[in-house]
Number of protein chains: 4
Amino acid sequence: MKDRLPVIGVIGGGRVGKSESKMAYEVGKLIALRGAILICGGLGGVMEAAAKGATEADGMTVGILPGPDKNSANPYIKIPIATNMGHARNAIIAQASDGLIAVGGSYGTVSEMALALKMGKPVVALNPPCNLPNLRTAETPSQAVEMLFSKIS
Amino acid sequence: MKDRLPVIGVIGGGRVGKSESKMAYEVGKLIALRGAILICGGLGGVMEAAAKGATEADGMTVGILPGPDKNSANPYIKIPIATNMGHARNAIIAQASDGLIAVGGSYGTVSEMALALKMGKPVVALNPPCNLPNLRTAETPSQAVEMLFSKIS
Amino acid sequence: MKDRLPVIGVIGGGRVGKSESKMAYEVGKLIALRGAILICGGLGGVMEAAAKGATEADGMTVGILPGPDKNSANPYIKIPIATNMGHARNAIIAQASDGLIAVGGSYGTVSEMALALKMGKPVVALNPPCNLPNLRTAETPSQAVEMLFSKIS
Amino acid sequence: MKDRLPVIGVIGGGRVGKSESKMAYEVGKLIALRGAILICGGLGGVMEAAAKGATEADGMTVGILPGPDKNSANPYIKIPIATNMGHARNAIIAQASDGLIAVGGSYGTVSEMALALKMGKPVVALNPPCNLPNLRTAETPSQAVEMLFSKIS
């Protein structure tokens, strides 16, 4: 489809400090302002902040949940997808995205960055928990979004 | 979330005759008119007809795709989720739905009806390919949608 | 590999009466005596009876578990594979098998039979919970095993 | 089960140089000599070398394959499990293992190490492609196996 909207994954820790929360919020907002769909793990921390940012800019938000219940999604997820597949849902987030932005994070984020890079998707990170070949890093949310969209269009 | 929208799965064959296609279209439209999110396998046949019906009523449509590429989704899918998980994606459709409507179908539809019933979700079928305990059958799209929504609210 | 051992799925209810338990035990034993690997869902009922039969004939038994913990496997499972993928593990059992034998069962068994038939695998059932196109039925464990092996070799 | 055998994951690149191939072979052999079950991705490179080492020490080898066909397994895999789930099978390898040893590797290996650490499993790496918190590194195969078994018993 020529006119399919981009799907952008936002990944990062389920618990998060103020600074990363603010960055995730900005990332989410900028993704929505570009008219793209935000996909994430649907829970708290970076996932919630990014979904909040996107929602406040009237964007679409999708949460790929690890558990069996759609009501585990944070309040800013418009489309909750309960998978009941645990951590295997990380592979779905990577597969479904055209590109991903990571904000901080730990093991789960690393697994998603690595899976996405393995699949050949562009990944841009803010405060990445580790370095990986072809992982691009940015200093600000707007730079991250700029860098990612330049790779997928 | 008190005010989360219902998520309704529509399942059925990837190739389909005129009569079932028309039923699926009506089912999709009625789901959208109720303000619910339509989730399906994202491909052709019943999935495409239902998504078309929902789209024409301004509804939201989600396609949980078996392959790696979001562009395999039919043109009426607004949110394509490429899983690259093959038939295991059937379990996601069942898990993510509050209830399901089946239109015709064959093996894949049977697997989804059975998985959904196993998970305790209500399932209503039009022209079901087999009978299963607690599977409810309807004669018309509007009856099917009526029956399903009475079970999930 | 020319000399790979057949992998035979045995599916059926997690709780089971005496007669089906005995059938499953016989099926498991006969699979082992043919030198094939028995794969199942790893839990109780038909899965345990079949694994017990196979083990007592010195056969290999694999359990594809829905939960996160290998210790949820029944005592006759030599290779426990904890997937933490819930019902999606049914698709793995079907995919990994060269053919399947169902003993009684309910929704879960139906989903596995349907998924396996969708994948083009032969399925033979004893006391099937429903009828499906190309599902073959047998009267005795030895007839079921005979029928299945004639289809996979 | 008190007497269940340990299940040890071996992860690493699908293509591999001589030195890492030799290390993987030794790791596989030592796992088998400890009486544990070796589980891996079932394909080439580190997966094949480790499975060869285990097989030559009469060990049990399980391959969790990304594709639909058990015949894609390397010749040293005794139990091929075709999942048709692509990279999501990495999560199964991590989940099914009591602990993992990584030999070299790239994105896929990083994703498995991160998933396993997220699940709280011990992971020991030889020539790791990146550093992660709680990832232990070893200099030799025997040291790696020693370190891992001290963590799981």
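A: One begins with the residues that touch. In this predicted model, 18 residues of chain A are in contact with 18 residues of chain D.

Q: How much area do chain A and chain D bury between them, and on which atoms?

A: Buried area is what two parts lose in accessible area on being put together. For chain A and chain D it comes to about 1,600 Å², with 79% on carbon and sulfur atoms. On the side of chain A, A:His87, A:Tyr107 and A:Lys118 lose the most area to chain D, together 41% of what that side buries.

Q: How many salt bridges and how many residue pairs in polar contact are counted between chain A and chain D?

A: The count of salt bridges is 0, whereas 4 residue pairs are in polar contact, both residues being at pLDDT 80 or more.

Q: Which helices supply the side of chain A that touches chain D, and what classes of residue does that side have?

A: Helix H3 (89-96) and helix H4 (107-118) of chain A each supply at least two residues. H4(A) gives the most, with 8 residues. By class, this side of chain A has 11 nonpolar, 6 polar and 1 charged residues.

Q: What rotation superposes chain A on chain D?

A: A rotation of 180°, with 0.0 Å of shift along its axis, superposes chain A on chain D at an RMSD of 0.0 Å. The two copies are therefore related as by a two-fold rotation axis. In chain A, the C-alpha nearest this axis belongs to A:Ser111, 2.0 Å from it. The same surface serves both copies, as 100% of the contact residues of chain A recur in chain D.

Conventions: Residues are numbered from 1 along each chain as its sequence is written. Chains are lettered from A and ligands numbered from 1 in the order in which they are written. This is a predicted model: local features need pLDDT of at least 70, side-chain atom pairs count only at pLDDT 80 or more; totals for chains, interfaces and linings use all residues. Side-chain values use heavy atoms; hydrogens and water are left out. Contact means heavy atoms within 4.5 Å. Buried area is the accessible area (1.4 Å probe) that two parts lose on being put together, summed over both. A salt bridge is a side-chain nitrogen of Lys or Arg within 4 Å of a carboxyl oxygen of Asp or Glu. A polar contact is a pair of N or O atoms within 3.5 Å; within protein, one must be able to donate a hydrogen and the other to accept it, and residues adjacent in sequence count only if both atoms are side-chain atoms. Helices (H or I, at least four residues) and strands (E, at least two) are DSSP runs, numbered from the N terminus. Ala, Val, Leu, Ile, Met, Phe, Trp, Tyr, Cys and Pro count as nonpolar, Asp, Glu, Lys and Arg as charged, and the others, Gly among them, as polar. Copies are superposed by least squares on the C-alpha atoms of residues with pLDDT of at least 70 in both.
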